[in-house]
Amino acid sequence: MAPKFLPVWEMVRCFFVSVKYSGMKKREMIPFFIGLILGKNKTKVTKVNLLRGGLNFKTGIEHFCMHPGGKAVIDGVGKGFRLTEYDIEPARMALHRWGNTSTSGIWYVLGYMEAKKRLKKVIGSW
C-alpha cells in the first residue's frame, strides 16, 4: 500500500538504502526497481530487506490514530512505524483513561487529538 500514499522520493530513498543491506550488484538494481514498481519482483531482495531500509511513513501521513488495545499493541505499532512519543501519546492516554474499549477506542484517541489541537483542518474535499 505504500506506493498509494508515500512520495516517490521516499520509496526511491528506501530502495537505495535497502539495496545496501541486500548485497545486490549494481547491474541488478534497475531491473529490480522496475519490477518493484510494476509489482513483479522476482529477485533475491526480500520485503525484510526493504523494511530494513526504513520507510518513513511520516512523509506521506500527517496523523496516526492507533487502536489503544493495550500497552504491547501501542509499543509494537510505534516501534514498527518508528513513531515518536508525540505520535503515540493519544493512544496511551486513551488507554490510560478509558482502557481497552474495543473499536470505540479510536474515537477516544481522535477526541484526545482534537482537544489538544493536533488535527489540521483540510480545506476542500476528496
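Arg 118 sits in the segment after helix H7. The model is predicted, and the values here are computed from it. Is Arg 118 buried or exposed? Arg 118 counts as buried, because its relative accessibility is 15% and the cut-off for buried is under 20%.

Which residues does Arg 118 touch, beyond its neighbours within four places in sequence? They are His 63, Tyr 86, Glu 89, Pro 90 and Met 113. With Glu 89 there is also a polar contact, side chain to side chain, at 2.6 Å.

H6 covers residues 85–98, 14 residues in total. From first C-alpha to last, H6 reaches 19 Å. That is close to the 20 Å expected at 1.5 Å a residue. The helix still has a bend, of about 25°, at Ala 91. Just after H6 comes Gly 99, with a positive phi of about 80°.

Now look at the buried residues of H6. They are Asp 87, Ile 88, Pro 90, Ala 91 and Ala 94. Ala 91 is therefore both a buried residue, under 20% relative accessible area, and the site of the bend. Pro 90 is buried and is also in contact with Arg 118. The cover over the buried residues of H6 includes helix H5 (71–80) and helix H7 (105–115).

H6 has the highest confidence in the chain, at 91. Helix H4, residues 47–52, has the lowest, at a mean of 50.

Conventions
Residues numbered from 1 in each chain as written. Predicted model: local features only at pLDDT ≥ 70, side-chain atom pairs only at ≥ 80, totals over all residues. Heavy atoms only, no water. Helix = DSSP H or I, 4+ residues; strand = E, 2+ residues; numbered from the N terminus. Expected span 1.5 Å × (residues − 1). Bend = angle between axes of the 7 residues up to and from the residue. Buried < 20%, exposed > 50% of the residue type's maximum accessible area, 1.4 Å probe, protein only. Contact = heavy atoms within 4.5 Å. pLDDT = per-residue confidence, 0-100. Polar contact = N/O pair within 3.5 Å; in protein donor to acceptor, adjacent residues only side chain to side chain.
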